[in-house]
Structure formats: C-alpha cells, structure tokens
Amino acid sequence: MEKVASFEKISEERFREDFSKESCFLDVKYEELILPKRATVGSAGYDFFSPIDFELASGESIKIPTGVRVKIDDGWVLQLFPRSSLGFKYRLQLDNTVGIIDSDYYYSGNEGHIFIKITNCSNDNKTVYVKKADAFAQGVFLQYGITYDDDVHELRNGGFGSTNKS
C-alpha cells in the first residue's frame with residue numbers, strides 16, 4: 001500500500017483561535033484531539049473523531065472544527081464523507097456532499113484546518129447522538145490526474161470557496 005499523506009494537529013495558537021468561536025467548543029483540550037485513523041487493516045477510510053458530545057435532531061446542522069490538518073503528496077486528494085453507519089441510520093450528510101481536501105490546503109493561512117459541517121437529514125425525525133471521541137466522518141485518499149494542457153499557476157490561501165477569490 002502506497003503511503004501518500006500524514007495527519008497532524010493544527011498549532012495550539014490556531015486551535016485557540018478556531019475553537020473559541022463557538023461556546024460548545026470552549027471545553028475542548030488541545031491534548032485530547034485525536035488524529036484520524038483506520039479501524040482495520042482493510043479499511044479505506046480514516047475515521048475523524050468528534051472533539052465534543054453533540055446531538056442533532058432532524059434538520060439540524062453543526063460545523064465541527066477537527067483540530068486536524070493533512071499533508072498530502074501531489075496528485076492525491078482527501079475526500080470526506082459521513083461515517084457509513086450514521087449516513088445509513090440517520091441520513092447524516094456533509095453539507096457540501098463530499099468534502100474535498102486538496103494537497104495545497106495544508107499551506108493555507110488557516111494551517112489547512114479541516115472543518116466538517118454535517119446535517120441530520122432524517123426523514124423519520126430521528127435524533128443522532130455523537131459522544132466525544134466517537135468517529136463521525138471518514139476520509140479516503142484518492143489519486144487524481146490533470147489534463148495535458150493544464151496551465152494553472154494560482155496558489156490557494158483559505159478554505160471553503162477560496163479558489164474563486166481574486
């Protein structure tokens with residue numbers, strides 16, 4: 001199996017800045033952040049773990065700072081999805097359907113901090129309960145290609161929508 005990336009925690013300074021924006025994240029401790037990992041040797045996905053307890057009633061959303069960044073080799077991307085069991089049982093969905101973490105996001109001004117926004121889209125009015133340190137999302141590394149006539153030289157600095165900014 002080819003190794004193409006490494007997960008890291010964001011800096012403590014970035015942690016303090018990003019986790020202080022919402023009151024539900026004020027009790028999160030930097031040393032308690034858990035880096036993503038696979039559950040079994042055959043797992044394609046790396047589980048992302050919640051830094052807090054949370055519940056989502058049907059129709060509710062939450063944006064979770066993970067405290068994680070990832071350094072990815074060129075030619076690879078990390079795609080994020082809800083954990084299969086949560087999607088199956090509660091129709092838990094990422095608000096951007098599939099999260100795309102590009103290799104150059106690591107170098108952004110926000111240190112490439114990965115945020116995951118999820119919504120409970122249950123049709124049965126089910127409430128999903130996630131405990132601190134429970135896996136709630138998963139990331140899969142995929143290789144990609146570019147066209148022969150590709151001539152892009154722009155650099156990223158930011159997260160959501162940053163490639164459209166001038």
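This is a predicted model: local features need pLDDT of at least 70, side-chain atom pairs count only at pLDDT 80 or more; totals for chains, interfaces and linings use all residues.
Thr 97 lies in the loop between strand 7 and strand 8. The protein has two helices and eleven strands.

**Overall picture**

- Along the sequence, the elements follow the pattern β-α-β-β-β-β-β-α-β-β-β-β-β.
- The protein has 166 residues and a radius of gyration of 16 Å. A compact globule with 166 residues would have a radius of gyration near 15 Å, so the value agrees with that expectation.
- The C-alpha trace spans about 50 × 35 × 35 Å along its principal axes.
- Of the 166 residues, 43% count as buried.
- The protein exposes about 10200 Å². Carbon and sulfur atoms supply 48% of that area.
- Take the contacts between residues at least 6 apart in sequence: 76% of them join residues at least 24 apart.

- Inside the order, strand 6 (residues 76-82) pairs with strand 11 (residues 135-143). This antiparallel pairing runs over seven bridges.
- Gln 79 has a bridge partner in strand 11: Val 140.

- Another open sheet has three strands in the order 4-9-7. Its pairing is antiparallel too.
- Strand 4 (61-65) and strand 7 (92-94) are the edge strands. Each of them pairs on one side only.
- From one strand to the next, the twist averages 30 degrees.
- Strand 7 pairs with strand 9 (residues 115-120) in the antiparallel sense, over three bridges.
- Gln 93 stands opposite Thr 119 in strand 9.
- In a regular strand, side chains alternate between the two faces of the sheet.

**Strand 1 and strand 5**

- Strand 1 (residues 5-9) pairs with strand 5 in the antiparallel sense. Five bridges join the two strands.
- Ser 6 has Lys 71 of strand 5 as its bridge partner.
- Strand 5 (residues 68-72) is mostly covered. Four of its five residues are buried.

**Helix 1 and its buried face**

- Helix 1 covers residues 12-19. Its buried residues are Arg 14, Phe 15, Asp 18 and Phe 19.
- Down the axis of helix 1, these buried residues fall within an arc of 110 degrees, so they line one face of the helix.
- An α-helix has 3.6 residues a turn, so residues three or four places apart point the same way.
- What covers the buried residues of helix 1? The cover includes strand 4 and strand 9.

- Leu 35 is in the loop between helix 1 and strand 2 (46-49).
- Leaving out residues up to four places away in sequence, Leu 35 touches Phe 7, Glu 8, Lys 9, Phe 49 and Val 68.
- Arg 14 and Leu 35 are 21 residues apart along the chain. Their C-alpha atoms are separated by 16 Å.

- Most residues other than glycine have a negative phi.
- Thr 97 has a positive phi of about 65 degrees, although it is not a glycine.
- Thr 97 is exposed, because its relative accessible area is 62%, and exposed means over 50%.
- Glu 111 is not a glycine either, yet it has a positive phi of about 65 degrees.
- Where is Glu 111? Glu 111 sits in the loop between strand 8 and strand 9.

Key: Residues are numbered from 1 along each chain as its sequence is written. Side-chain values use heavy atoms; hydrogens and water are left out. Two strands pair if DSSP finds at least two bridges between them. Axes are lines fitted to C-alpha atoms, for helices over the stretch in contact, and angles run from 0 to 180 degrees between N-to-C directions. Buried means under 20% relative accessible area, exposed over 50%, partly exposed in between (1.4 Å probe, protein chains only). The arc is that of the directions from the helix axis to the C-beta atoms. Contact means heavy atoms within 4.5 Å. The radius of gyration is taken over C-alpha atoms; the globule rule is 2.2 Å times the number of residues to the power 0.38. Accessible areas come from the Shrake-Rupley method with a 1.4 Å probe; for residues, only the protein chains shown count as cover.
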